[in-house]
Amino acid sequence: MDRTILHVDGNHFYANIEKANDPSLKGKPMAVGGDVEQRHGIILAKTDEAKARGVKTGEALWQAREKCKDIIIVPPNYPLYIRYSRLLHDIFEEYSDKVQAFGLDESWVDVTNSMDCLKMSGEEIAHEIRERAISELGITVSVGVSWNKIFAKLGSDYKKPNAVTIFTKENYKSKVWPLPAEDLLGVGRATQIKLNARGIKTIGDIANTSPSLLQNWLHKWGLFLHVFANGMDTSPVTPTGFEEAIKSIGNSTTTPRDLVNDRDVRITFTALCESVATRLREHGLLGKTVQISLRDNKLFSFERQMTLQKPTCIATELLNAAMLLFKKHYRWDKPLRSIGVRAMNLVSEHTSIQLDLFENEEKRIREEKLERTVDNIRKRFGHHAILRGMLSEDKELGYLNPHDDHTIHPVGYF
Amino acid sequence: MNDAKVYVDVLVNHMKNGKIIPLCIRWEDGEKYRIDQILDVIRAASTKAGGTGIRYTIRIGNTTSFLFLEEDKWFVERRG
């Protein structure tokens with residue numbers, strides 16, 4: 001039996017939530033933008049009014065202001081967006097237990113087995129969800145309905161805002177296939193260029209190209225795209241919240257001023273590693289690999305990684321690895337504008353670990369206990385209630401609170 | 001700023017079955033109003049004041065109005 005899958009997409013999610021919370025913004029060009037003071041000065045989301053004036057997501061705030069003098073830019077309020085995301089999920093879960101989040105603003109809902117007992121078709125459920133988003137949350141969503149996740153996602157993008165699109169086995173060749181290839185999940189910029197160069201412009205073109213040829217051009221990925229374009233994707237809707245399905249935990253930051261020496265980097269890495277370690281502990285995970293990312297003030301960036309001897313959730317150990325990597329790979333040709341730390345190859349904290357005869361294991365346990373205690377103090381009294389002495393050396397850099405400031409991550413499809 | 005949204009103190013009865021029944025509101029000026037009747041309870045967005053919450057349609061004397069429970073705070077929409 002064919003499945004019935006909904007993909008629900010919150011239209012201009014962040015901007016619409018801001019509008020839903022402040023009616024005085026209604027009808028005005030408005031955008032959610034990063035903090036200029038902290039130099040995260042880009043547009044994260046914008047309303048239709050701002051879009052009509054040519055404002056684009058991802059451009060610098062000053063560029064947006066140039067096109068649209070009266071644009072209202074508000075700083076992001078992630079706790080608010082997370083709350084709305086959760087409320088949307090609560091609605092979905094009234095229709096199915098199979099709800100899979102894809103970022104904060106997108107979700108798949110598999111209603112195959114719910115339609116009988118609800119006595120509703122997939123389309124009716126889609127419309128009810130769309131209407132409830134407006135009446136209960138004050139935001140619009142667009143919904144795609146299809147028999148596979150890929151086409152359902154294309155559907156939510158096909159007509160918006162506040163619309164429902166249905167792709168069936170009868171209409172997909174006339175509706176999905178003429179869409180540009182880059183609309184397909186998995187066709188990014190690089191793949192698009194490769195495909196276009198070979199005359200592949202639409203999703204239909206991908207579908208009708210032989211899999212072996214696609215594999216030749218794009219390796220394994222070519223086969224995926226062929227399956228996607230033909231509506232043959234059978235991957236299930238796996239119930240996950242937006243915070244789950246973690247493959248790595250990382251934090252990066254564009255610092256309030258350029259970093260010019262090892263000490264600056266150490267201070268910033270300290271704050272970032274503490275945040276990564278706290279989040280590892282929150283999720284009961286240990287990282288086996290540490291990766292650092294560096295971007296200089298000419299925006300050239302690169303990443304380096306190393307494997308740890310033992311998986312860890314201790315900030316000090318992450319920091320030592322990060323500094324080791326940094327000293328090995330950076331020669332200070334230019335000041336740094338943004339740096340990041342990531343723990344990868346995650347394993348559960350319940351995994352057995354090979355102990356070391358010569359290392360002081362007790363000390364590690366003590367350190368972990370100490371850091372967990374700090375977590376608790378911060379939970380009760382706020383992040384800045386307790387800080388490492390190092391961070392007070394430079395108020396500007398050390399005041400960073402990456403854990404609360406940015407914990408939103410896009411997730412991959414696989 | 002958004003002055004259509006007025007947060008208020010509310011005297012509430014938490015029932016043993018989990019229901020939450022607001023009994024009395026204290027307005028900004030300190031004046032207290034007893035809620036005579038709850039006509040409807042539904043999750044809804046506030047179109048006038050913004051935000052979303054559990055919306056109680058309440059009757060105080062001869063007037064009906066909305067009272068929102070937004071997570072752990074209560075607000076009403078300012079008339080005007």
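Below is a chat about a predicted model of chain A.

Colleague: What should I know about the model before I start?
Modeller: It's predicted, so local features need pLDDT of at least 70 and side-chain atom pairs count only at pLDDT 80 or more, while totals for chains, interfaces and linings use all residues. Residues are numbered from 1 along each chain as its sequence is written, chains are lettered from A in the order in which they are written, and side-chain values use heavy atoms, with hydrogens and water left out.

Colleague: How many helices and strands are in chain A?
Modeller: Chain A has 17 helices and 12 strands; those are DSSP runs, helices being H or I with at least four residues and strands E with at least two, numbered from the N terminus.

Colleague: Which residues of H6(A) are buried?
Modeller: Among them are A:Ile125, A:Ile129, A:Arg130 and A:Leu137. Buried means under 20% relative accessible area, with a 1.4 Å probe and protein chains only.

Colleague: Where do they sit around the helix?
Modeller: The buried residues of H6(A) fall within an arc of 165° seen down the axis, so they line one face. That arc uses directions from the helix axis to the C-beta atoms.

Colleague: What follows H6(A)?
Modeller: A:Gly138, with a positive phi near 80°.

Colleague: New topic: at what angle do H1(A) and H4(A) cross?
Modeller: Roughly 95°, with the axes coming within 10 Å. The axes are lines fitted to C-alpha atoms over the stretch in contact, and angles run from 0 to 180 degrees between N-to-C directions. The two helices are therefore roughly perpendicular, a label for 65 to 115 degrees.

Colleague: Which residues make the contact?
Modeller: They include A:Phe13 and A:Ile17 of H1(A), plus A:Tyr81 and A:Leu88 of H4(A); contact means heavy atoms within 4.5 Å.

How values were computed:
Buried means under 20% relative accessible area, exposed over 50%, partly exposed in between (1.4 Å probe, protein chains only). Angles under 35 degrees count as roughly parallel, over 145 as roughly antiparallel, 65 to 115 as roughly perpendicular and the rest as oblique.
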